[in-house]
Amino acid sequence: ANGEADFVSADGGEVFTAGKCGLVPVMAEQYDENTAFSYYAVAVVKKGSQVTWQNLQGKRSCHTGIGRTAGWNVPMSHIYNQTNECNFTQFFSSGCAPGADPSSPFCKQCAGIGEDKCSANDDEPYYGYTGAFKCLVEDSGDVAFIKHTTVPENADGNGPDFSQSLSSADFELICPGSQNPVPVTEFASCNLARVPAHAVISHPENRTKIVGILQELQNSFGPNGTNTRFRIFKSEGGRNLLFKDSTKCLQEVQTNNFESFLGNEYINAVRSLRQCTANTPGLYFTLP
């Protein structure tokens, strides 16, 4: 927004705030051919844990981060609409939501050391999709709010060291309106919402230039790129460093209207949740 960078990859919640600042989505991550510009936000539990959406109150929660789409905005908007209570510590007993106030119960279950505990970056081991899943795996939480591809990306021989022995079948999905957990493969019917993909945002006057640059980058360094020394969608020595590692390609967004890109369902969820000022980015209060 200050012109100190030409473009940035942003989560849907950040796209909403960026749109209010006059920035626009120019390209979006695509994860598979069936969910163009979107993915499913899901609630994952361990198989046999007896945790359901109906008895979720009082449990411990694992979140990707405060203000993030699948990890916070979507599940907490469901809970807010269910309880009409902004103080989510009255719903969950404790958890890890990186970016929360260090004194909050939502930092109690985080695994970072010292000042890194509960930080909204990879210095907190439970940050992001893989981190929230790790929080669940290591019994620091009873439910993890993540995206539908996180479990298979971190089980069945995939993912970092902690997940090498895990099987996708060891986990299940829970969702509002359903009494019984279902396999993680049934995300299309048991999810919290279908939500917008991460998008590259920039100033509208730079759209054409940014699209050209990114198309050139993925032609050279994408999965089928001509240059094999580096892969733009594969992180070495970290995770999701430039884009989400699950990204297959970037597709141009055909509108400058951030609300059209995000969709009414997600816009309504964010606006509903942002009635709770403690869960709203400070920047939002300066916006029209």
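Analyst: Happy to! One definition to start: a patch is made of residues with over 30% relative accessible area and no salt bridge, and nonpolar side chains are joined within 5 Å. Please keep in mind that this is a predicted model.

User: Which residues form a nonpolar patch on the surface?

Analyst: Phe-230, Leu-241 and Leu-242 do, and together they have about 290 Å² of accessible area.

User: Why is Leu-242 called partly exposed?

Analyst: Partly exposed is the class between under 20% (buried) and over 50% (exposed). Leu-242 has 49% relative accessibility, so it counts as partly exposed. As for its place in the chain, Leu-242 sits in the loop between α5 (207–221) and β11 (249–252).

User: Let's turn to the cysteines. How many disulfides does the structure hold?

Analyst: There are 4 disulfides.

User: What makes Cys-96 and Cys-110 a disulfide?

Analyst: The cut-off is a pair of cysteine sulfur atoms within 2.5 Å. For Cys-96 and Cys-110 the S to S distance is 2.0 Å, and a disulfide joins them. This pair links distant parts of the chain, with Cys-96 in strand β5 (residues 94–96) and Cys-110 in the loop between β5 and α3 (128–137), 14 residues apart. The link is right-handed, with 100° about the S-S bond.

User: Why do Cys-96 and Cys-110 count as buried?

Analyst: Buried means under 20% relative accessible area. Cys-96 is at 1%, so it counts as buried. Cys-110 is at 6%, so it is buried too.

User: How do you know that Cys-175 and Cys-190 form a disulfide?

Analyst: Their sulfur atoms are 2.3 Å apart, and the limit is within 2.5 Å. Cys-175 lies in the loop between β7 (171–174) and β8 (182–183) and Cys-190 in the loop between β8 and β9 (193–196), so the pair ties together parts that are 15 residues apart in sequence.

User: Why is the disulfide of Cys-175 and Cys-190 called left-handed?

Analyst: The torsion about its S-S bond is about -115°, so the disulfide of Cys-175 and Cys-190 is left-handed. Both Cys-175 and Cys-190 are buried.

User: Why is Cys-249 called partly exposed?

Analyst: Buried requires under 20%. Cys-249 has a relative accessible area of 21%, so it is partly exposed. Cys-21, at 30% relative accessibility, counts as partly exposed as well.

Terms used: Residues numbered from 1 in each chain as written. Predicted model: local features only at pLDDT ≥ 70, side-chain atom pairs only at ≥ 80, totals over all residues. Heavy atoms only, no water. Patch = residues over 30% accessible without salt bridge, like charges linked within 9 Å, V, L, I, M, F, W, Y side chains within 5 Å. Areas by Shrake-Rupley, 256 points an atom, 1.4 Å probe, with all protein chains shown as cover. Salt bridge = Lys/Arg side-chain N within 4 Å of Asp/Glu carboxyl O. Helix = DSSP H or I, 4+ residues; strand = E, 2+ residues; numbered from the N terminus. Buried < 20%, exposed > 50% of the residue type's maximum accessible area, 1.4 Å probe, protein only.
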